[in-house]
Amino acid sequence: MSTIDAVEILSKLVAFRSLSGQSNHDIADYVETFAKSLGAAIHRFPSVDGTRTSLFITLGPMVPGGIVLSGHMDVVPTGNQSWTSDPFALRQANGRLFGRGTVDMKGFLALALALAASTSVAKLTKPLHLAFSYDEEISCEGVRPIVSHIQKFVPTPLAVIVGEPTEMQIVGAHKGALDWTIEVLGKAAHSSLPHLGANAIHAAARLICEVEEISREFAEQPSQNAELYDVPHPTVTVGVIEGGTAGNVIAARCSFQMEARTLEPGQAAMILERISTLAREVVLPQLRATASDSEIRITERFDIPPLVREASSAAEQLVSHVSSSPNVKAVSYATEAGFFQAAGLPTVVFGPGSISQAHQVDEFIDETEFKAGERALVQIAQTLF
């Protein structure tokens, strides 16, 4: 299939306002119809509320050794950004393709669909799989049922390529991203009589100090593949805190939001266990000494596993001959790649365009990068014949 056909597909994809957290049925239906016209096998995975869906598409025989091309259909809102043109109408100018999602990551989806359309299905000896998810930008919830389906029903693929923009360089590792909300419920009292209340802010502060201590310990301990990262260790931070009603009132409630960026599986569980144990064994008993119905609630907002470098994995070897650089990179932002790896699938992040353009005003992908991505996928697909 020619490059212009891929651009035409991208134009259609950009036109769908598939914002994270909102219905994506229009873009999912388009992709499904497109895939059906190729004779593909298609599975849909709806969200709990039924408003969004992920897709898993297979062309070729259902045998081991296939390749999964993975990406997300959702995009971030344009908000108050002042775009030069309609962000949901593809615009070509000065060798660039402008539009929301052109680089993150409908450009890769368009290339994957173009590849599927140009592939002679009858000649495939191993399958080409397309995994298109929803809500990657806010929770990565949409990729979970796809991974579960692959584990249960799909002969083990050779490799997974998550097509986030990497400027055609192999990303073999990235940090995980986890976020929890901790809510402390105490008891209000006048500030002159603090013994009659249970100060939720003081309790939260004790837990926040533990977050800081965990972060300090991480910075002092070696981590696997740490040398790949600008910040060579896991990080744990508190980004939001709120509570209390007045300066002369003992706070009855306080909550804070804690985020972690991890390098290895198991680090998130350790963080949560440290905070939970302190809350359960120390902080909560202190609150209940004066307020028996005090509570500490810990709620997970999202949990995105890290991608851990697997040197010379099948995925790295597959992509190495089409990469723009022989070096394998690590990045600090998270992707869906860790979910596939956690399921035992060799996985890399690799795609056209620059992450610096993601979520930006007048988001674009260079046409030269777009064409390079097309050539790379065609070469990779040759291994399936």
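**A sheet and its loops**

Modeller: Strand β5 (residues 96-98) and β17 run antiparallel, with three bridges joining them; strands here are DSSP E runs of at least two residues, helices H or I runs of at least four, numbered from the N terminus. Two strands count as paired if DSSP finds at least two bridges between them. This is a predicted model, where local features need pLDDT of at least 70, side-chain atom pairs need 80 or more, and totals for chains, interfaces and linings use all residues. Residues are numbered from 1 along each chain as its sequence is written, and side-chain values use heavy atoms, without hydrogens or water.

Biologist: What is the strand order of the open sheet?

Modeller: The edge strands, β4 (91-93) and β17 (364-366), each pair on one side only. With antiparallel pairing, the three strands of this open sheet have the order β4-β5-β17.

Biologist: Is Asn 94 buried or exposed?

Modeller: Asn 94 sits in the loop between β4 and β5, and has a positive phi of about 55° although it is not a glycine. Buried means under 20% relative accessible area, exposed over 50%, and partly exposed in between (1.4 Å probe, protein chains only). At 78% relative accessibility, Asn 94 is therefore exposed.

Biologist: What is the omega of the peptide bond from Asp 104 to Met 105?

Modeller: Met 105 lies in the loop between β5 and α3 (106-118). The bond from Asp 104 to Met 105 is cis, with omega near -10°.
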